[in-house]
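Reader: I'd like to go through this model chain by chain. Can you show it to me?
Author: Here it is.

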Amino acid sequence: METPEQIKLRLEAALPTAKIEILANECAAGERSLLVDAASGFAVAKFLRDDAQLKLDYCSNVTGVDWPDKELTEKIKVKQVVDGVEKEVEEVKKTLRPGLLEVVYHLYSMELKHGPVVLRMRTGNRAEQTHLPSLTPVWRGAEFQEREIFDLYGVIFDGHPDLRRILMWDEFVGFPMRRDYIEPDDFEYEPTPHDEVLDAAKKHYPVEAKAEVKPEVKA
Amino acid sequence: MIEEGLKNELQKQGVYVTSLQELYNWGRANSVWPLTFGLACCAIEMMAASMSRFDLARFGAEVFRPSPRQADLMIVAGTVTKKMAPLVVRLYNQMPEPKYVIAMGACAISGGPFKQGYNVLKGIDRYLPVDVAIPGCPPRPEALIHAIMTLQEKIRNQKLTGPDRPRHLNAEIEGEYPVPAYGKHDLEPPNNPDLWQPPAIQR
Amino acid sequence: MNAFAAMPPKSFEVKPKLDESGASIGELLEISMGPHHPSTHGVFRMDVVLDGEKVVKLKPVCGYLHRNHEKIGENISYLASMPYTDRLDYFCSMTNNWAYALTIEKLAGLAVPERAEYIRVIMAELTRLQNHTSLIGFFVHDMGALGTPLMYAFREREKILDLFEEVSGARMMCNYMRFGGVRVDVNDEWLARTKQLVANYSKFLDEFETFLNQNEILLARTQGVSPLTKEQAVNASLTGPLLRAAGVNYDVRKVDKYGIYGRFDFKVPLGEHGDLYDRYMMRVLEMRESIKILNQALRDIPAGPVMDPKAKLRGFRPKPGEVYGRIESPKGELGFYIISDGGPNPYRYRVRPPSFINITILEDMCLGHRVADVIVILGSVDIVLGEVDR
């Protein structure tokens, strides 16, 4: 099987407009993934499926991942004038990494029995730019999994034959698997709550009457 | 009532005496027909209870009817999700009186291991009156048999007349419960207030 | 073989009524084979549009058992997710546990002792035996043999569940595998009893096959029904016996050789047409291969520890990264995709469910067949709703 670098070279040769990046994976046994931009995702998928050396005809797994907005803090050294003397002072710099949704495809080959090649596509942001090309015309097996990602994360797949909710009921509003989804409040009866459940259950506890304050008797 | 000595004497002659209440309850208790309502893993233990090793047919509950119109007992076996809850209540409404509900497994009693979830109903007793609850995840088939026996005890002890007579002999009590509707994030209403009040716990 | 019963008689074909121009007369009937149904294997719904008895359109609806397993996985620690994996495919809890343990061992780079690997193989193959036996019982039950083969199947299944209960404490939700081994060791008496069970299992399978393989009703109802081509099966990401019935030689045990499967000598049975009879025979033949693997494993199991003594179970924090691990469960390829950010809980915990993906082409498989065949086709796909909906 080719390494991700070789696949990237051949992809860039075949599809010049594609923007492909190889993402590192800190886990040694895991596979490094190819990050593809949304516009050329479909063409890349077709190339990977039909290429004679790769023949990735089996799309094993389609996963959605939610990366919410994250505030990154960095300590950087800045030259500042303190008490008339120029010194290097540590300053905390905060940057906001915008959030996005991501779809990860694990591809194997049943004919050549190799794999996996991990393909990733990212949306623009989590609010309105949530469109990605659907790879269902390339691999039929992705149909239900993409529907599930639409249902639970809110990624809209362009070109999907039948995009509607699959696991939640049709009148449901919202995308439950996102990290900022707030669950409905049915914590009235929690016999042994702890951590976040305790906080949610406390709202339903009956309001206790204020205990009488007995005056201290000084001996 | 007739005392035991006289009863035994009469039995030796082949004459059996009983009261209408005992006879009526004996007939009902020993032929409880369950509805095939397995939702999740507990359904497999329910099936195992009806198979040859833990035979449930000995207790009269052999015939599992698929149609609610022909069943007396609904064994809610497995997690009730919010998507499934209106259908459970609708099926219960379709069953003719007298009808009983066994909540089998931790999920049907209170949501079980999947309690903290956006789609799991925390116990079917929020919408239906539960007669017997079986704890376990999943409860062993022997536990299900114990529950059926408990239900049979309950049926045998029901009085036919008087203010505490069962629901099917009391025309004033409604046997049908309102079916919840799908809301935006939860079912509407989230529970049936006439049926379920959160128990007050001393902390 | 009885040649007379080989193919269904032609006079049984159902043709729709057509008028002179070739358009069909009458209305289409839309029914919902709803979540509460005697033979949909759980709370699964199919919206079927029928023309007489022939299926014109079929849309599966699932989600009635969606228990947000993946969301719970993000909020609890790695080890605490292990009992939840039992409840995914509730027939085969040992293989679910193994898939998850394998994935985390890949993520954290943990090694598994020899004896634990052998025990894992023994448990997985026993699970495969009881799963396929029960499945054949349900399959034939759906066809009309109400209950009797199922009783035979469950009788054997109870014997295997006794073994599981002895070693792990529970009949079905075993929660037995850990990251880096198994929870407790098996003793020699248990191994002796397992050998006895495997020896008797071949005789039980002979009895089962005598009743079912040549049965006229089974042959008439399964041969030629819903054939699948290789290209259709591969493109629809089918895995497991369904894929191999279509003729594609892809068994994760032979491709990835996870665990110690490379040491065992077993064949991968393949079908020809992909129809229901091939799928049924796949399960029968796979059970025979499982018995072969079990005999080899029980013969070669070494002594030793079953868990690395230095393995850290509490406070388990693997390094950041992502990994995809997969095994061949009795239903197909079960995979886990874990993204770790270095904390005690996974960042993203995803289950690749074989049953969910195997019903992608349920519509294609059922088009043109009678509504009675739909039930049998669904039975042959072998879905478990705990896995479809998670």
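Reader: In what order do the elements of chain B run from the N terminus on?
Author: The order in chain B is α-α-β-α-β-α-β-α-β-α-β-β. Helices (H or I, at least four residues) and strands (E, at least two) are DSSP runs, numbered from the N terminus.

Reader: And how many helices and strands are there in chain B?
Author: Chain B has 6 helices and 6 strands. Its C-alpha trace spans about 70 × 45 × 40 Å along the principal axes.

Reader: What ground rules apply to the numbers?
Author: This is a predicted model, in which local features need pLDDT of at least 70 and side-chain atom pairs count only at pLDDT 80 or more, while totals for chains, interfaces and linings use all residues. Residues are numbered from 1 along each chain as its sequence is written, chains are lettered from A and ligands numbered from 1 in the order in which they are written, and side-chain values use heavy atoms, with hydrogens and water left out.

Reader: Back to chain B. What domains is it divided into?
Author: Domain 1 covers 1–30 and domain 2 covers 33–148; such bounds come from an automatic or database domain assignment. The centres of the two domains of chain B, taken over C-alpha atoms, are 33 Å apart.

Reader: Which peptide bonds to proline are cis in chain B?
Author: One joins B:Cys137 and B:Pro138, with omega about -10 degrees. B:Pro138 sits in the loop between strand E4 (132–134) and helix H6 (141–156) of chain B. Another runs from B:Glu188 to B:Pro189, with omega near 0 degrees, and B:Pro189 is in the segment after strand E6 (187–188) of chain B.

Reader: Now the interfaces. How many residues of chain A and chain C are in contact?
Author: 49 residues of chain A touch 44 residues of chain C, where contact means heavy atoms within 4.5 Å. Together chain A and chain C bury about 3,800 Å², 53% of it on carbon and sulfur atoms. Buried area is the accessible area (1.4 Å probe) that two parts lose on being put together, summed over both.

Reader: How many salt bridges are there between chain A and chain C?
Author: There are 6 salt bridges, each a side-chain nitrogen of Lys or Arg within 4 Å of a carboxyl oxygen of Asp or Glu. A:Glu148 pairs with C:Arg350 in a salt bridge, with the closest N and O atoms 3.5 Å apart.

Reader: Which element gives the largest share of chain A's side?
Author: E3(A) does, with 10 residues. Elements giving two or more residues to that side include strand E3 (58–67) and helix H3 (142–153) of chain A.

Reader: What about chain B against chain A?
Author: That contact takes 21 residues from chain B and 22 residues from chain A. Chain B and chain A bury about 2,100 Å² between them, 56% of it on carbon and sulfur atoms, and the salt bridge count is 0.

Reader: Which stretch of chain C has pLDDT below 50?
Author: Chain C averages a pLDDT of 88, and 95% of the residues score at least 70; pLDDT is the predictor's confidence in each residue, from 0 to 100. The stretch below 50 is residues 1–6 of chain C, which has 5 contacts in the model beyond near neighbours in sequence. Where pLDDT is low, the predicted coordinates should not be read in detail.

Reader: And where is confidence lowest and highest in chain A?
Author: The lowest is strand E4 (residues 70–82) of chain A, at a mean of 73, and the highest is H3(A), at 92.
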